[in-house]
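Colleague: Please take a close look at the aromatic side chains in this model. Which rings pair, and how are they arranged?

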Amino acid sequence: MNIDIERMSAEINIPVSKIQEALGINTHPGLKEDLNKATTIAEVRKVYNKTPDGSDIRKEAVLKWEKLCKKDLDEATTIAEVREVYNNTLDGSDIEKEAVLKWITLTTTVAEVWEAYNNTHGGSDIEKEAVLKWEKLCKKDLDEATTIAEILEVYNNTPKRSDIEKEVIRKLAEFFEK
């Protein structure tokens with residue numbers, strides 16, 4: 001589409017910048033070049049933050065951002081590395097979801113899965129995965145607990161109103177048989 005933006009602006013009294021933004025025309029010279037040169041998420045984010053909503057350059061920035069995050073996620077082998085990728089993703093993106101799932105997979109303690117759980121969206125399948133892992137880790141801790149204090153610690157860490165919470169209470173009850 002070849003539009004005479006200057007003439008359009010003059011005839012309908014809408015500022016050139018608003019027309020450019022509405023049409024997704026790059027109003028920030030050099031952004032395309034900056035995006036092409038960007039090799040890190042921070043550099044891409046900087047370009048992204050300067051682009052108009054809905055513009056082609058913003059869409060390109062999102063694609064490059066997600067590609068860099070995906071690469072980092074594929075290479076991540078620790079919770080810290082996955083958390084960093086998660087913190088660098090666009091909110092609600094597919095790569096954000098992949099990062100949380102990988103994070104959950106890597107957890108080995110209730111504290112770790114609790115942190116991952118707190119980064120899920122309520123009611124999502126990912127939240128359900130986190131709860132399943134949380135319950136599994138609580139079950140492991142319960143199987144290893146032998147004292148009231150240890151079992152109470154498991155109780156305090158279980159998802160409330162869960163089957164594992166009931167199982168913990170039943171194990172505690174064994175200490176109080178008449």
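Modeller: What follows goes through the aromatic pairs and then the charges placed over rings. The model is predicted, so local features need pLDDT of at least 70 and side-chain atom pairs count only at pLDDT 80 or more, while totals for chains, interfaces and linings use all residues. Residues are numbered from 1 along each chain as its sequence is written, and side-chain values use heavy atoms, with hydrogens and water left out.

Rings of Phe, Tyr and Trp (its six-membered ring) pair if their centres lie within 6.5 Å; planes under 30 degrees apart count as stacked, over 60 as edge-to-face and the rest as tilted. By this rule there are five aromatic pairs. One of them, Tyr-86 with Trp-103, is edge-to-face because the planes stand at 65 degrees, with the ring centres 5.6 Å apart. This pair links distant parts of the chain, 17 residues apart: Tyr-86 belongs to helix α6 (residues 79-88) and Trp-103 to helix α7 (residues 94-106). Helices here are DSSP runs of H or I with at least four residues, numbered from the N terminus. Tyr-86 is buried at 12% relative accessible area, and Trp-103 is buried at 1%; buried means under 20%, exposed over 50% and partly exposed in between (1.4 Å probe, protein chains only).

Trp-114 and Tyr-117 are stacked, 5.5 Å centre to centre with 20 degrees between the planes. Both lie in helix α8 (residues 110-117), and because they are three residues apart, about one helical turn separates them. Trp-114 is partly exposed, at 41% relative accessibility. Together with Trp-134, Trp-114 and Tyr-117 form one aromatic cluster.

A charge sits over a ring if NZ of Lys or CZ of Arg is within 6 Å of the ring centre and within 35 degrees of the ring normal. Arg-58 lies over the face of Tyr-48 at 4.2 Å from the ring centre, and Lys-160 lies over the face of Tyr-155 at 4.8 Å.

Key
Helices (H or I, at least four residues) and strands (E, at least two) are DSSP runs, numbered from the N terminus.
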